[in-house]
Structures are given as C-alpha cells and as structure tokens.
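Student: Could we go through this model together? I would like to ask about one topic at a time.

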Amino acid sequence: MKKILMLAVVLIASISTFSQSYRGDMVMSNKVDTHDSISTFSLKKGSRLFVSTELMFGEMSGVRFSATYGAQLNNKFFLGGGTGYCIAIDWYSDHYSIPVFADLRVDFVDKKISPYMELRTGVDFALYGETGFYGNFSLGCRFKRSSISFGVETLRGNYYDDDDYDWVYEDDVDGGYYYRDDWDSSYNAFNFVTRFSFEF
C-alpha cells in the first residue's frame, strides 16, 4: 500500500510540474494588452482529453490512473469515454483492473475557474479480483486546465470470512475424505475518491 501511495504522489507531482511549465509557456507566447482579454475564457466545441490520478479510500482502497477523451458539446456539457488502470486492496485480496466507462461532465460557469459535476458509469474489468459495475459521482473545481474533485464510487469486491465455512466430503480410491470449503463471495465496495486531473 505504501508503494501505491508513493507512486500516486510522484505522478501527481509530475503532472503539477508540467502544468506550471505549460502555463508559463502559454503566458510568454500569448502576451495580451488588456485586462479583459486576460480574464476571458470560454469552453469551445471540440475535443478534450483529461489525464487523471485518483486516490481511493474505503472498502477498496488504492489508486487509479485514467484517461478520458470526448467532445465538448457546448460551453457546459462534455461527453466522452475513458479507460485506466486500478490498483487496490479489498477485504480479501489485491484488486487489479481496467475500468472502461462513459463520462459526463457539466461545468456550471463559463470562466477560467468553475465548479463542475462529473458522472462516470461503466464496467471494471478485473485482471485479478472481481469484474463488475463501476460508477462514480464527483463534484470539483476547474482551474482552466487543471482540476480537483471529490466524490463517491462503487466497485465489485470479493469478501472472505474465515469463520464461515463448510466441511465437504470428497470420494477417492482410499474411501474419501473431508476438506474445508471456505466461504467467499462478491459484494459492492464503496469508496471515497479524490481525483486530480489535467487537460491536454
């Protein structure tokens, strides 16, 4: 778990450094003469790409890296799709998966700094663990090309109870034997999520 958090911190720091460098280059290459032109910002129709790092806390804690690509329909609504890679730990074991999802994002005001809402729905395809529904709802704030949000999500986890088991009889050539069949099943894991995103 420490390695997961360290990886997330390094990636977040790299994105932040790139963001500051990008902003500096934009200021130098796009000097303006009036205060009005500096403060003007508008979401235009066209394509947008978001790269995100997510920290998950709850029944399946871990980290997720994701990329979302889609179309800005107008100055409020963005609709797209995305995928990523999830590394988490549930009650039973490690969970490695590739989520595939649809993404709806609504910016509330058409300014450089804007609160927004984001909804993701799709399937979390497990490489190790349980495959199931993936859903996320978050509220955040956009600072032109970077953003931070806080939300809730659900994933499919695997539950194991060492106190709940059955003894099963198995026939063999020596007359049979009993073995312990431990009980485990899937469940809907609930997490709180902090997402850091940068738009290219």
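Tutor: Here are some questions and answers on salt bridges, strands, cysteines and a cavity. The model is predicted, so local features need pLDDT of at least 70, side-chain atom pairs count only at pLDDT 80 or more, and totals for chains, interfaces and linings use all residues. Residues are numbered from 1 along each chain as its sequence is written, and side-chain values use heavy atoms, with hydrogens and water left out.

Student: How many salt bridges are there?

Tutor: Side chains of opposite charge can pair when their charged atoms come close. The rule for a salt bridge is a side-chain nitrogen of Lys or Arg within 4 Å of a carboxyl oxygen of Asp or Glu. By this rule the count is 10.

Student: Which residue forms a salt bridge with Glu199?

Tutor: The closest N and O atoms of the pair are 2.9 Å apart. Glu199 sits in strand β8 and its partner in strand β1, 151 residues apart. Strands here are DSSP runs of E with at least two residues, numbered from the N terminus. The partner is Arg48.

Student: Are Glu199 and Arg48 buried or exposed?

Tutor: Buried means under 20% relative accessible area, exposed over 50%, and partly exposed in between, with a 1.4 Å probe and protein chains only. By that rule, Glu199 and Arg48 are buried.

Student: Which strands hold Glu153 and Arg64?

Tutor: The side chains of Glu153 and Arg64 form a salt bridge, 3.1 Å from N to O. The two lie in separate strands, so their pair ties together parts 89 residues apart in sequence. Both residues are buried. Glu153 is in β7, and Arg64 is in β2 (residues 61-72).

Student: How many bridges join β4 to β5?

Tutor: Two strands pair if DSSP finds at least two bridges between them. β4 and β5 run antiparallel and form a hairpin with 5 residues between them. Val100 has Val123 in β5 as its bridge partner. The number of bridges is 12.

Student: Which residue in the turn between β5 and β6 has a positive phi?

Tutor: β5 and β6 (residues 132-143) pair in the antiparallel sense over 12 bridges. Met117 stands opposite Leu139 in β6. The hairpin has 3 residues between its strands, and the phi in question is about 125°. The residue is Gly129.

Student: How many disulfides does the structure hold?

Tutor: A disulfide is a pair of cysteine sulfur atoms within 2.5 Å. Cys86 is buried, with a relative accessible area of 0%, and Cys141 is partly exposed at 21%. The disulfide count is 0.

Student: How many charged residues line the largest cavity?

Tutor: A cavity is a set of points on a 1 Å grid over the protein atoms alone where a 1.4 Å probe fits but cannot get out, and lining residues have an atom within 4 Å of a point. The lining includes Arg48, Phe50 and Glu199. Asp, Glu, Lys and Arg count as charged. The number of charged lining residues is 6.

Key. 1 Å grid on protein atoms, 1.4 Å probe; cavity = no way out; pocket = protein on both sides within 12 Å on 5 of 7 lines; lining within 4 Å. Helix = DSSP H or I, 4+ residues; strand = E, 2+ residues; numbered from the N terminus.
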